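I opened this notebook to record what I looked up in the structure. The entries follow in the order in which I made them.

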Amino acid sequence: MNDASTFDPTTAPHVETDTDSGTITTTVDIAASPEQVFAALTDPQELAAWWGSDDTYRTRDWRVDARPAGEWSARTIDPSGNAGSIHGEFVVVEAPRLLESTWHASWDEVTSTTVRYELLPAIVHDAPGTRLTVTHTGFNGFVA
């Protein structure tokens, strides 16, 4: 986490949860172009570098066919060494501004959810960047 000297509330992630609709939305400004952010969301090597965390799970062996009806998948491993998987199918692919796919995790009770990534050009730290909004839907009855 950023310390007080580097924390910028104007670029801090903003998260909203709508329990009625089962939707989680987060928005964050990123100091990278929409093309770079889109690549980080669709390139297997880029995904393996940033997806997950050491205290939840890490991902590996990404497969990505970034086109409508194309599939994506990765293997996961949690801190205890338990293996799992995540996978889905792309619904919308409009580089570099929109990406939407289904989501299923092997450990999740939810059958399938949908993740939508919207990328807009933005000024971040006085330079061109990206405002990324991620909307994850389909948690009806599961978001508390």
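This is a predicted model: local features need pLDDT of at least 70, side-chain atom pairs count only at pLDDT 80 or more; totals for chains, interfaces and linings use all residues.

**Entry 1: a threonine side chain**

Residues are numbered from 1 along each chain as its sequence is written, and side-chain values use heavy atoms, with hydrogens and water left out.

I placed T76 in strand β5, residues 71–77 (strands are DSSP runs of E, at least two residues long, numbered from the N terminus). T76 counts as buried because its relative accessibility is 3% (buried means under 20% relative accessible area, exposed over 50%, partly exposed in between, with a 1.4 Å probe and protein chains only). Leaving aside neighbours within four places in sequence, I found T76 in contact with residues including Y57, N82, S85 and W107 (contact means heavy atoms within 4.5 Å).

**Entry 2: salt bridges**

I searched the whole structure and recorded 8 salt bridges (a side-chain nitrogen of Lys or Arg within 4 Å of a carboxyl oxygen of Asp or Glu). R75 and D61 meet in one of them, at 2.5 Å from N to O. This pair links distant parts of the chain, with R75 in β5 and D61 in strand β4 (residues 57–64), 14 residues apart. R60 also bridges to D61, the closest N and O atoms being 3.9 Å apart.

R131 and D29 form another bridge, at 2.7 Å from N to O. R131 is in strand β9 (residues 127–137) and D29 in strand β2 (residues 23–30), 102 residues apart. I noted R131 as partly exposed at 36%, whereas D29 is buried at 11%.

**Entry 3: strand β7**

How many of the 8 residues of β7 are buried? I recorded 6 for this strand, residues 98–105. β7 pairs in the antiparallel sense with β6 (residues 83–94) over 6 bridges (two strands pair if DSSP finds at least two bridges between them). A hairpin of 3 residues joins β6 to β7, and V93 stands opposite L99. β7 also pairs in the antiparallel sense with β8 (residues 113–124), over 6 bridges; there I found E118 as the bridge partner of L98.

Terms used
Helices (H or I, at least four residues) and strands (E, at least two) are DSSP runs, numbered from the N terminus.
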